[in-house]
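Subject: Structure handover

Hello,

I am passing this structure on to you.

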Amino acid sequence: MLDRFKRIFGNAATEDEDSGRTGDHDIKVATCALLVEMAGIDESFTAQETETILHILKDTYGVSGDHAEALMAEAEKELAESVDLWQFARLINENYSRDEKIAIIEVLWQVVFVDGKMDKYEDYLMHKMMKLLRLSHKELIDAKLKILHGNP
């Protein structure tokens, strides 16, 4: 599972990026957009949340530091121009397996709990993400417990 993420989020430019076609780069942006949306949902996008997202992009997905920052900036821009999260979830649903989508939910939980608590907006958005990514409530809760018990 992580091998596929590392391939998608790898440091090298892909053919899709070089040719201007949609593809892996768009999936990277879509995944990062969900992380950015989660970090900002409580109207308090902290430096700690930024560092957590950059850490996830670099360590979990193998993105270089500069590329991670550029990816995050592009995701923020795409979010500002979007009407909702469906466009991002659609790309993920079309390209990721169920296990890969669960891995995304797990890193979203990491962003939620970076400050040690979950507010009502984060809870709402996690349930919305569960539905958008076509996952079950059990998968959502299992991912949450995995993160809370320190098994990321």
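This is a predicted model: local features need pLDDT of at least 70, side-chain atom pairs count only at pLDDT 80 or more; totals for chains, interfaces and linings use all residues.

Residues are numbered from 1 along each chain as its sequence is written, and side-chain values use heavy atoms, with hydrogens and water left out.

The chain has 9 helices and 0 strands; helices (H or I, at least four residues) and strands (E, at least two) are DSSP runs, numbered from the N terminus. Of its 152 residues, 45% count as buried, where buried means under 20% relative accessible area, with a 1.4 Å probe and protein chains only. Contact means heavy atoms within 4.5 Å. Among contacts between residues at least 6 apart in sequence, 70% join residues at least 24 apart.

Helix α3 (residues 24-40) takes part in both helix contacts described here. Axes are lines fitted to C-alpha atoms, for helices over the stretch in contact, and angles run from 0 to 180 degrees between N-to-C directions.

With helix α7 (residues 98-112), the axes come within 9 Å and cross at roughly 30°. That makes α3 roughly parallel to α7 (angles under 35 degrees count as roughly parallel, over 145 as roughly antiparallel, 65 to 115 as roughly perpendicular and the rest as oblique). On the α3 side, Thr31, Leu34, Leu35, Met38 and Ala39 meet Ile104, Val107, Leu108, Val111 and Val112 of α7. These residues divide into 9 nonpolar, 1 polar and no charged (Ala, Val, Leu, Ile, Met, Phe, Trp, Tyr, Cys and Pro count as nonpolar, Asp, Glu, Lys and Arg as charged, and the others, Gly among them, as polar).

With helix α4 (residues 47-60), the axes come within 10 Å and cross at roughly 160°, which means that α3 is roughly antiparallel to α4. Cys32, Leu35, Val36 and Ala39 of α3 make this contact with Glu49, Ile53, Ile56 and Leu57 of α4. By class, 7 of the residues are nonpolar, none polar and 1 charged.

The structure holds 1 aromatic pair; rings of Phe, Tyr and Trp (its six-membered ring) pair if their centres lie within 6.5 Å, and planes under 30 degrees apart count as stacked, over 60 as edge-to-face and the rest as tilted. Trp109 and Phe113 form the pair, stacked at 5.6 Å centre to centre with 15° between the planes. Both Trp109 and Phe113 are buried.

Regards

Definitions and conventions:
Buried means under 20% relative accessible area, exposed over 50%, partly exposed in between (1.4 Å probe, protein chains only).
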